[in-house]
Amino acid sequence: MRRFIPSLSALECFDLAARHRSFTRAAEDLGLTQSGVSRQIGTLEQFLGVRLFQRIGSRLELTEIGAQYWREIGPLMAGLEKAALDAVRGQRLEEALILQTSPGLAACWLLPRLGGFLAAHPEVILEVIEAEGTCDFSTSPADLAIVRGTGAVSDVRSDRLCAETLTVVAAPKLIPPGAALDRLDFTRLPTLQNATRPSLWMTWLRLSGLPHSGAIRGVRLGHSGLLIPAACAGLGLAVVPRFYVEDDLRQGRLWEPFGPAVTSPESYWILHPQERAHHPHLTACVTWLKRDMKRPNAGISPL
């Protein structure tokens, strides 16, 4: 017996028209004409025997039954899409390993090296999500997280990766390599500020003991992933975790005008809840992270 189910094309048109409250915008999204969308909606209304839309002045609005129908088909459309993606991938999306870390660490260190892990584990579906601070696994979908902090986190498995080292970097066009600098005058040299970690300059000055003068001011950028390209462009000095800029230092895009990095009070940790330790790919990812962060030229202080 044939199921009482309307055509998928009509449902797609209805879903987008309801979302946009516009046949024209739905047509643009679907690559159809406005009249084509209108015909599909008419076919759906005829199939159901109810009106789904009404005009109120120049506005297109859902009828009461149209709004109820849209609420009910939304999850079903998402489920159909998910099933199609699972079929294409050959794996269920629930099997993805979800790794949470900060935007700076993701952009500057993790993603440039991630190919090594994926080549060694082609069976892994990896999803990287960004968030600052620690990870609340009760609300986050993450299976594991890389975070920065001063100690282990309670109620989850915490593996210390390394101590954080901070360094001041500059582009050769801003300060010629080899220049003798034994004092930092903030009135003469432009600086870049990290909006996510506003105390970085004061932390580095305290730890380095470098004499300085003038007020710290300069362009504020959201995270280290934005600071580093700005520093490479010569926009100013930047304080960054050294392992973020290892490649830039090696290739001469940046250099350290005030000497070696200093060790901050914080470290980097891998966190994951004990109940997710059974994830088939979590152990492989943790092992890879530890190994890659300790390899030569990783730019990180050993444990």
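Two strands pair if DSSP finds at least two bridges between them. Helices (H or I, at least four residues) and strands (E, at least two) are DSSP runs, numbered from the N terminus. The model is predicted: local features need pLDDT of at least 70, side-chain atom pairs count only at pLDDT 80 or more, and totals for chains, interfaces and linings use all residues. Residues are numbered from 1 along each chain as its sequence is written, and side-chain values use heavy atoms, with hydrogens and water left out.

**View 1. Strands β3 and β4 run parallel.**
β3 covers residues 97-101 and β4 covers residues 126-130. Five bridges join them. Which residue of β4 is the bridge partner of Ile-98? The partner is Glu-127.

**View 2. Strand β3 is largely enclosed by the rest of the structure.**
Five of its five residues are buried. Buried means under 20% relative accessible area, exposed means over 50%, and partly exposed lies in between (1.4 Å probe, protein chains only). Leu-97, Leu-99 and Thr-101 point one way from β3. Ile-98 and Gln-100 point the other way. β3 also runs parallel to β5, joined by two bridges. There, Leu-99 stands opposite Leu-144.

**View 3. Six strands form an open sheet.**
Strands of a sheet pair through backbone hydrogen bonds, either parallel or antiparallel. Here the order is β4-β3-β5-β12-β6-β11, and the pairing is mixed. Why is one side of β4 and of β11 left without a neighbour in the sheet? Both strands stand at the edges, so each has a single partner strand. Neighbouring strands are turned by 25° against each other on average, direction ignored. Such angles run from 0 to 180 degrees between N-to-C directions, and axes are lines fitted to C-alpha atoms, for helices over the stretch in contact. Within the sheet, β5 (residues 144-149) and β12 pair in the antiparallel sense over five bridges. Val-147 has Trp-269 of β12 as its bridge partner.

**View 4. Helix α5 meets both strands and another helix.**
α5 lies across β3, β4, β5 and β12. The helix runs at about 170° to β4. α5 also crosses helix α9 (residues 282-294) at roughly 115°, and their axes come within 11 Å. This crossing is right-handed. A crossing is left-handed if the near helix is turned anticlockwise from the far one by less than a right angle, and right-handed if clockwise. On the α5 side, the contact includes Trp-109, Leu-110 and Phe-117. On the α9 side, Trp-288, Leu-289 and Met-293 are among the residues met. Contact means heavy atoms within 4.5 Å. By class, the contact has nine nonpolar, one polar and two charged residues. Ala, Val, Leu, Ile, Met, Phe, Trp, Tyr, Cys and Pro count as nonpolar, Asp, Glu, Lys and Arg as charged, and the others, Gly among them, as polar.

**View 5. Helix α6 lies across β6, β11 and β12.**
The helix spans residues 200-208. α6 runs at about 125° to β12. Which residues of α6 are buried? They are Leu-200, Trp-201, Thr-203, Trp-204 and Leu-205. Their cover includes β6 (157-169), β7 (184-185), β8 (191-194), β9 (212-213), β11 (238-241) and β12 (262-272). Just after α6, Gly-209 takes a positive phi of about 70°.

**View 6. Ile-228 sits in helix α7 (residues 224-232).**
Is Ile-228 buried or exposed? Ile-228 is buried, with a relative accessible area of 6%. Leaving aside neighbours within four places in sequence, Ile-228 is in contact with Cys-108, Val-240, Tyr-244, Val-245, Asp-248 and Leu-254.

**View 7. Two loop residues: Arg-21 and Gly-133.**
Arg-21 lies in the loop between α1 (8-20) and α2 (23-30). Arg-21 is not a glycine, yet has a positive phi of about 55°. At 33% relative accessibility, Arg-21 counts as partly exposed. Gly-133 is found in the loop between β4 and β5. Gly-133 is partly exposed as well, with a relative accessible area of 45%. The C-alpha atoms of Gly-133 and Gln-34 are separated by 47 Å.
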